[in-house]
Amino acid sequence: MFRVLSFAKYPTGVCMLDVLRINLCSPLTLSFALGVFARLVRSELSLPRDLYTALSIYLLFALGLKGGVELSHSSLAAISGPALVTILLGCLTPVSAYLVLRKMGRFSIADSAGIAAHYGSVSAVTFIAAQQFTASVGAPAEGFMPTLLTLLEIPGIQIALAIGAFQMSAAAKANPDGTGQVARPVREIMHELLTSRSMMLLVGGLIIGTAVGESGWKPVQPVFEGLFKGLLTIFLLEMGLAAGNRLGDLKQAGLFLLGFGILMPIVHGTVGAYLGSLAGLSVGGCTVLAAMAASASYIAAPPAVRMTLPEANPTFYLTAALAITFPFNLIAGIPIYYEISKRFCS
Amino acid sequence: MKTVPLCLLTIVAEAILKERLIADVRSAGAKGYTVTEAEGEGIRQRRVGEILGSNIRLETIVSPEVADRLLKLISVEYFERYAVIAYLSTVSVIRGEKYV
């Protein structure tokens, strides 16, 4: 079973409050909170940009490698069901997010599509946090979960951007006073997404990990597994600082987006847990899949949206993804998805 | 030493536009360019990137015709939707033929 690392081991059958407490007292949540606190008190604390880049490369590569090693033990039959429901989730979540934002929130087409692209894609850090959590409560997720992470990363962004592009061009035809800027070719956008850093490291890591197997993994394990939790803790500090930077924008984002950033993940997480249970995933696997479906990307999606839908206001999508949904998932969402998954799987 | 007056076009833009701007500068006929990271704030405050983004400063020394072509292109393609500024200054260079 895939357990990158575990906190103190807790027996299964702990109650919801215990689960929340375990989650709140994890070094990940606390270092994130420290980052937010540092911003709130206007501390000079900041991490060098290069350290952030280096840490994100390390985390994604480690995730891919370890996932690849675990994948080398998995059969095609075991992974095909979960892979299918993951792709289905990747198609569903951007559409549901778009419809809620456009119809209920009355956001513009560009803003709705821009935010939907973030909620259709996945946050790798939320994924890792969910994996840590399931391991800590004694229900580790299946080893092939990082493969599902790569499957979920792209379609959500693409579908939301496509909705945005189609709707905008329809609106432009109806109202010919538009500026008439030429849309960027799909091929260019796809190239950017498929050759992005996170895809290269995750997919590359998965392939290398599968190719080298357990024996090849052993010599590099101290670096990619031993240091993982400590470096992830530093990364969460940076995430906290970034989220803290966005807190000031909450007012501009408005109450609807605040509610959306909390309720939409719960809906997506519930659907994810249900589909995971249908595909035969364990409680841990369902929890991680739910957290993936519930999470909002803030690494791959923002540049893609900025390039393709520049009319979308970054304050909305960055604040929702980074300052609302990410902390919610980290603190309360993941334990909630665990409880929901237990019901579906029992 | 004999110098030649040429245009220095400076573009300060959000970092995600780097590749597109370089391609534009190249296709407009510039022989070279320099890109540096930049920090700052404008009226848009719209930065997206690692995690909250940064800016770049792209400088290129070109003939007045190329500078004009580039300014027109930037005005149409970028000004309205992205955080971008561009300005021209006259510089004196030696080996003027290197740039045009």
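Analyst: A residue is called buried if 20 or more other C-beta atoms lie within 10 Å of its own, and exposed if 12 or fewer do. The model is predicted.

By that count, helix α12 of chain A, residues 283–294, is mostly covered, with 12 of its 12 residues buried. The buried residues of α12(A) include A:V283, A:C286, A:V288, A:L289 and A:M292, as well as A:G284, A:G285 and A:T287. Alanines are on the list too, among them A:A290, A:A291, A:A293 and A:A294. From its first C-alpha to its last, α12(A) reaches 16 Å, close to the 16 Å expected for its 12 residues at 1.5 Å a residue.

Two packed helices are described by the angle between their axes and the distance between the axes. For α2(A), residues 27–40, and α10(A), residues 228–246, the angle is about 35 degrees and the axes are 7 Å apart. Their crossing is right-handed. On the α2(A) side the contact includes A:L28, A:F32 and A:V36, and on the α10(A) side it includes A:L232, A:L236 and A:M239. By class, this contact has 14 nonpolar, 6 polar and 2 charged residues.

Chain B can be read through its sheet, which is open and has 4 strands in the order β2-β3-β1-β4 with antiparallel pairing. Strands β2 and β4 (84–93) are the edges, each pairing on one side only. Neighbouring strands are turned by 20 degrees against each other on average, direction ignored. Helix α1 of chain B, residues 18–27, packs on the sheet and touches β1, β2 and β3, with its direction at about 5 degrees to that of β3(B). Helix α2 of chain B, residues 64–77, lies across β1, β3 and β4, running at about 20 degrees to β1(B).

Of the 5 residues of β2(B), residues 34–38, the number buried is 0, so the strand lies largely in the open. In α12(A), by comparison, 12 of 12 residues are buried. The pairing of β2(B) with β3(B), residues 55–62, is antiparallel and runs over 5 bridges. Two of the partners can be picked out in the structure: B:E37 is bridged to B:I56, and B:A38 to B:N55. In a regular strand the side chains alternate between the two faces of the sheet.

Note on methods:
Residues numbered from 1 in each chain as written. Chains lettered and ligands numbered in written order. Predicted model: local features only at pLDDT ≥ 70, side-chain atom pairs only at ≥ 80, totals over all residues. Pairing = 2+ DSSP bridges. Axes fitted to C-alpha atoms, helices over the stretch in contact; angles between N-to-C directions. Left-handed = near helix turned anticlockwise from the far one by under 90°. Contact = placed C-beta atoms within 7 Å. Nonpolar A, V, L, I, M, F, W, Y, C, P; charged D, E, K, R; others polar. Expected span 1.5 Å × (residues − 1).
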